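This briefing concerns the two-chain model shown below. The points are grouped by topic.

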Amino acid sequence: MTVAERTPLVEMQDINVAFGGVHAVREVSIDLYAGEVVGLVGGNGAGKSTLMRVLSGAHPADSGEIKVNGERVSISNPRDAKAYNIETIYQTLALADNVDAPANVFLGREMTTRWGTLDDGAMEDATRKVMGRLNPNFKNFVSPVKSLSGGQRQAVAIARAVYFNARILIMDEPTAALGPAETAQVRNLIRQLKDEGIGIFLISHDIHDVFDLSDRISVMYHGQIVDTVEKASVTPDDVLGMIILGKKPDEVTEKDKAAIELSG
Amino acid sequence: MTDVASTTPDQAPAAPGFSLRGALAAAEIDTRLFGMLVALIALLLGFHVASGGTFLAPTNMTTLAIQAVGVAILATGMVLVIVARNIDLSVGSLVGIIAMTYALLMTDWLSFVGIGADFPFRWLIALGIGVGLGVLIGAVQGFIIAYIGVPSFIVTLGGLLAFRGIVWVQSQGAAVSGLDPTFLLMSGNAQGSVGATATWGLAIIGCVVIVGLLAYNRRQRRRFGFPVRPLWAEVLLGAVGCLVLLGLAAFANDNFWPPGAATRYAQEHGIVEPPGGLRIPVGFPWPVVILIAVTLLMTFVANRRRFGRYVYAYGGNPDAAELAGINTRWTLVKIYMLMGVLCAISAAIAAARLDGATLDVGQSYELYVIAAAVVGGTSFAGGIGTIPGAVLGAFVMAALAYGLAYNGVNSSIQNIVAGIVLVIAVGFDTYNRRRGGGS
């Protein structure tokens with residue numbers, strides 16, 4: 001693999017996060033290269049979102065190291081992450097419902113005029129342009145985003161991430177709340193961003209999404225990484241087995257398989 | 001301009017026939033605010049009729065406005081506090097402390113450090129100290145709320161109790177009076193008004209600003225090819241705005257100095273009083289001018305500055321604001337510091353009106369201020385509320401109290417009416433929002 005010779009865009013090493021006595025993420029190491037999609041899968045409470053919240057600065061790790069382009073960095077809040085061009089699309093979308101789309105896209109990074117006042121005109125203009133690329137049907141730039149449809153709200157969240165030249169993109173269940181047409185749109189967007197050289201961590205429950213879009217797949221189970229595999233080297237069933245049992249395919253016994261058959 | 005209209009698909013289509021709602025939407029007028037304005041005018045007209053046609057006199061309206069100012073100034077800040085999902089119960093007591101501080105500074109403390117009665121800008125020094133005190137106390141309360149995490153209800157409830165106690169300690173239980181003559185201009189009595197010429201001047205400046213802002217906004221939107229208001233709406237808005245301002249100026253100038261004060265003024269200035277007495281127009285009282293300035297400034301801060309955007313975003317979704325990289329804690333502290341500044345301004349007007357301070361200056365202000373903000377459309381769910389709305393809310397509440405009193409209704413009934421109106425106004429608003437789904 002030529003990939004191994006390059007410096008990863010992101011390396012997270014030996015990350016630990018505990019909530020009280022619960023070890024949500026335990027000694028996890030994971031990396032991501034430019035132009036690559038790494039699927040992060042696992043059951044509920046496996047620690048996927050918590051791990052990504054560490055990288056996006058939403059929740060600092062208790063211990064562990066993060067390197068961006070080979071350099072050790074300290075990410076203790078979302079501002080730090082954004083400074084390293086790490087952008088996140090949260091499962092909840094994290095939109096301020098009471099303000100309009102341009103205000104959400106530029107939240108925390110507003111354009112200002114030379115008098116230091118908000119340049120709403122310029123922000124609306126930029127939002128119209130980026131939306132033209134993401135979702136040409138998006139027309140409502142003045143209503144609070146509360147009144148928008150699920151797909152439109154998703155478009156606002158995505159626009160916020162891609163407008164600021166993300167190099168590392170974290171997408172937490174980006175298609176969970178979407179209809180088929182909008183899901184297809186998001187998939188196309190992921191491929192397009194990957195072609196532009198952006199590294200993407202894709203968290204998803206949908207094994208088909210993950211197989212369709214990822215280059216590598218990391219499986220988490222009870223806060224730990226079971227394994228990180230090349231997509232080409234596994235089948236969806238292998239991955240499902242890892243998600244459910246927390247074991248690599250070659251460690252799975254006949255008894256385990258029987259248990260899956262019973263429960264599934 | 002026509003090409004702009006035809007190439008923008010989201011331009012509101014011309015309504016077939018005339019509908020008030022459609023016209024308001026085309027002119028981009030906030031229907032809520034417009035409704036409140038109509039309600040206020042209806043209220044004033046109702047009292048006018050009930051009083052047999054004497055209520056709507058310039059002298060009454062001036063008094064009403066001055067009475068509303070103290071609460072209205074605080075309400076502009078309370079909007080931001082409530083929008084950011086917090087509360088400030090300490091404003092009344094903070095006004096009390098600062099008012100007492102002004103009084104003690106000008107009667108006692110300043111002379112003690114060598115700033116005697118003839119020292120220039122004594123009033124400004126006192127005002128500066130008061131504002132500083134407000135900012136300091138606001139910062140401490142804000143810090144405890146934002147960084148230590150004690151709920152604002154508790155912190156400011158503590159403030160409400162403690163600060164009122166401090167007022168007693170400050171003055172050893174006595175009322176203090178005798179302020180600087182310049183400071184007393186803020187009382188808004190006949191001498192504390194800007195006079196005829198300045199009133200016209202302010203109105204004309206206001207007209208220029210209205211027209212300038214409309215033109216600037218239109219140009220900004222045209223710059224990016226966004227849909228603009230129809231021209232008729234711009235012209236109508238400008239014309240109505242200017243006419244209202246000039247009308248208010250004429251109305252304020254139709255109010256004259258009380259005969260006693262005018263006679264004294266004539267004697268002091270060696271003017272021979274004409275038969276029927278000297279008629280000196282009062283014009284806009286200083287407190288009203290201060291309120292207008294505060295309202296404009298606060299609206300600017302809320303709508304055109306990052307700080308304001310962050311306050312609203314935080315109120316809409318605190319997590320989203322935090323994840324967007326906003327320093328939400330510092331934003332909260334700044335809100336309480338701003339509230340401190342407004343308390344200092346309100347306290348100055350209260351102290352000037354009393355020519356000193358008593359122990360109960362600002363007593364129960366917090367309740368009227370919260371009521372004004374809420375009647376003005378501020379939602380306790382957070383993220384929703386406007387500053388002009390809160391000012392209107394303060395005027396509605398003040399008009400109710402003044403109008404009922406003017407018509408001989410006693411104060412216990414006034415309180416009953418105020419309480420019922422508060423609940424009805426918010427109930428109506430909640431119902432409308434649920435039906436209309438937002439705006």
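**Strand pairing and the sheet of chain A**

Val219(A) stands opposite Asp227(A), a residue of S10(A). Helices (H or I, at least four residues) and strands (E, at least two) are DSSP runs, numbered from the N terminus. This is a predicted model, in which local features need pLDDT of at least 70 and side-chain atom pairs count only at pLDDT 80 or more, while totals for chains, interfaces and linings use all residues. Residues are numbered from 1 along each chain as its sequence is written, and chains are lettered from A and ligands numbered from 1 in the order in which they are written.

- S9(A) and S10(A) pair in the antiparallel sense over six bridges; two strands pair if DSSP finds at least two bridges between them.
- A hairpin is formed by S9(A) and S10(A), with two residues between them, and His222(A) in the turn has a positive phi of about 50°.
- The order S6-S7-S8-S3-S9-S10 describes an open sheet of six strands in chain A, with mixed pairing.
- Strand S6 (86–89) and strand S10 (224–230) of chain A stand at the edges with a single partner strand each, so one side of each is left without a neighbour in the sheet.
- On average, neighbouring strands of this sheet are turned by 15° against each other, direction ignored.
- The pairing of S6(A) with strand S7 (residues 168–172) of chain A is parallel and runs over four bridges.
- Ile89(A) has Met171(A) in S7(A) as its bridge partner.
- From S6(A), Ile86(A) and Thr88(A) point one way, Glu87(A) and Ile89(A) point the other way, and all are buried. A residue is buried if 20 or more other C-beta atoms lie within 10 Å of its own, exposed if 12 or fewer, and partly exposed in between, with C-beta atoms placed from the backbone.

**Helices on the sheet**

- Helix H5 (residues 150–163) of chain A packs on the sheet and touches S6 and S7 of chain A, its direction making about 175° with that of S6(A). Axes are lines fitted to C-alpha atoms, for helices over the stretch in contact, and angles run from 0 to 180 degrees between N-to-C directions.
- H5(A) has 14 residues and reaches 20 Å from its first C-alpha to its last, close to the 20 Å expected at 1.5 Å a residue. The expected span is 1.5 Å times one less than the number of residues of the helix.
- Among the buried residues of H5(A) are Gln154(A), Ile158(A) and Arg160(A).
- The partners against which the buried residues of H5(A) pack are S6, helix H3 (101–105), H4, S7 and helix H6 (180–195) of chain A.
- Helix H8 (residues 236–245) of chain A lies across strand S3 (37–42), strand S9 (216–221) and S10 of chain A, and runs at about 25° to S9(A).

**Loop residues of chain A**

- Glu173(A) lies in the loop between S7 and H6 of chain A and has a positive phi of about 50° although it is not a glycine.
- With 19 other C-beta atoms within 10 Å, Glu173(A) is partly exposed.
- Pro60(A) belongs to the loop between helix H1 (48–55) and strand S4 (63–68) of chain A.
- Pro60(A) is partly exposed, having 14 other C-beta atoms within 10 Å.
- Apart from its neighbours within four places in sequence, Pro60(A) is in contact with Val54(A) and Ser76(A); contact requires that the C-beta atoms of two residues, placed from the backbone, lie within 7 Å.
- A separation of 18 Å lies between the C-alpha atoms of Pro60(A) and Gly45(A), which are 15 residues apart along the chain.

**Chain B**

- Helix H4 (residues 58–83) of chain B has 26 residues and reaches 35 Å from its first C-alpha to its last, close to the 38 Å expected at 1.5 Å a residue.
- At Val69(B), H4(B) bends by about 40°, the bend being the angle between axes fitted to the seven residues ending there and the seven starting there.
- H4(B) is mostly covered, as 20 of its 26 residues are buried.
- Phe121(B), in the loop between helix H5 (91–112) and helix H6 (122–148) of chain B, is exposed, with 12 other C-beta atoms within 10 Å.

**Contact between the chains**

- The contact takes 24 residues from chain A and 28 residues from chain B.
- Helix H2 (78–83) and helix H4 (120–134) of chain A each supply at least two residues of the side of chain A that touches chain B.
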